[in-house]
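I opened my notebook today to look up a few places in a protein model.

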Amino acid sequence: MRMMLAASLAVLGLAACGQQDADKAETPGAQAPAPTPTGTPDAATPAGGPAVQSEVRQFRDWHAVCDNGNLCVAYSGSDATSWIRITRAPGAATDGPCVGFGIGFVGQDESPGAVTLSADARRVLRTQGTDGLYCADGISGSPTDGLIAAADAQTLTLEGGGQKGVVPASGLKAALLWIDERQGRLNTTTALVRRGTGTVVPPAPALPRVIPAPAISQAGFEGAADPLEGTPRGLKVPAAIEALDEVKACRAEGNPTLNQAILAARLDQSTVLWGVPCGSGAYNATYVLYLARPDGSGVRAAELPERTARTEGDIGGQDQWLVNPFYDAQRRTLTVFPRGRGLGDCGTITTWTWTTGGFVLSEQKTMADCWGMNSDLWPTTWRTRG
């Protein structure tokens, strides 16, 4: 039984490296609400810059996101599943930005094997693969030459395999300028837009460290960590959980098939995670999560630390914490993914890690627009290190 509709998306990538002089860009727009970091770096955190908050900005038709580690992404696209994504790592000792773009979906006969980006009808960048992770070649000059040409363009066009897509250009230059400013690159040799002679760039901020609890056997719970995949496991939720009013209400709302799709995983020797399905739509199923002792006693709500503040990519309300849950016993992580649509190309993905002190927020990434971008390529708003 597969209760989610999921589709892999065709993504085609390219990259830009090097430096190129650029004219002064438009002024960045107003700041969106800044996510609030949760957690602090531990004593073992290596030297790095001071902690920063993640930020989400919009510049006309382009979005820009920088996370708590100052990894920044600018992106735009269209409802015809055409998109462009520019990523830049923080710190001075980094290569140039990576640019990726794509048209169409994986598995379609017409999915192109390579795509060319044109700026005002002049071909400037070319993909080298079809998985969205490759960095680009410049068609004429360096890859960064192509990126700067795109930043100055009025029209951006993607073509490949008989397909054609158009991505808005308005706001791209301002988004790149903001990223340069955020990373401390303005008036330096590594700036993309307002380049100068400076060579000092702030180091990347130190990321919080999250250490997973020791691994533990999942005997008796095999396959139950992904309740929406495969056939029901016939697990029985502890009576103390079934007796809760909230669970009774969930059971009343759910259908018989969904009610059997119980999430269960052993977190440690004294703690079991239970997820009770509450209801489902076309591609989202909502759960309530509890912790209990192995004998079913000591029931308590699963405490998931406040994630970062809501961003423009959020889908739904507080319940999105509990949508489409999956527990990875090997990594000791709990992930939820409320999909913006069945293709899975938009929404918010939040991951917590089970530690000896409970669940800790370890990653969040979001995509506000359903433009065909694979979730592996979405901008992060919160990251940690292991």
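In which strand is Arg 122 found? I looked it up: Arg 122 belongs to strand S8, residues 122-126. (Strands are DSSP E runs of at least two residues and helices are H or I runs of at least four, numbered from the N terminus.)

A note on the source before I go on. This is a predicted model, where local features need pLDDT of at least 70, side-chain atom pairs count only at pLDDT 80 or more, and totals for chains, interfaces and linings use all residues. Residues are numbered from 1 along each chain as its sequence is written, and side-chain values use heavy atoms, with hydrogens and water left out.

Entry: the cores. A nonpolar core is a set of buried Ala, Val, Leu, Ile, Met, Phe, Trp, Tyr and Cys residues joined through side-chain atoms within 4.5 Å. The largest one here has 39 residues, and Leu 273, Trp 274 and Leu 334 are among those with the most contacts inside it. S14 gives this core its largest share, seven residues. Apart from it I noted another core of 36 residues, including Ala 119 and Val 193. Back at Leu 334, I listed contacts beyond four places in sequence, among them Leu 263, Leu 289, Tyr 327 and Phe 359.

Entry: On a 1 Å grid over the protein atoms alone, a cavity is a set of points where a 1.4 Å probe fits but cannot get out; a pocket is an open set with protein on both sides within 12 Å along at least five of seven lines; lining residues have an atom within 4 Å of a point. Grid points are joined across faces, edges and corners, and a volume is the space filled by probe spheres set on the points. The largest pocket holds about 640 Å³. It has 27 lining residues, and Phe 326 and Arg 331 are among the closest to its centre. How many cavities of 30 Å³ or more does a search of the whole structure find? I found one. The largest cavity has about 40 Å³ of space, and its lining includes Pro 227, Arg 233 and Ile 262.

Definitions and conventions:
Buried < 20%, exposed > 50% of the residue type's maximum accessible area, 1.4 Å probe, protein only. Contact = heavy atoms within 4.5 Å.
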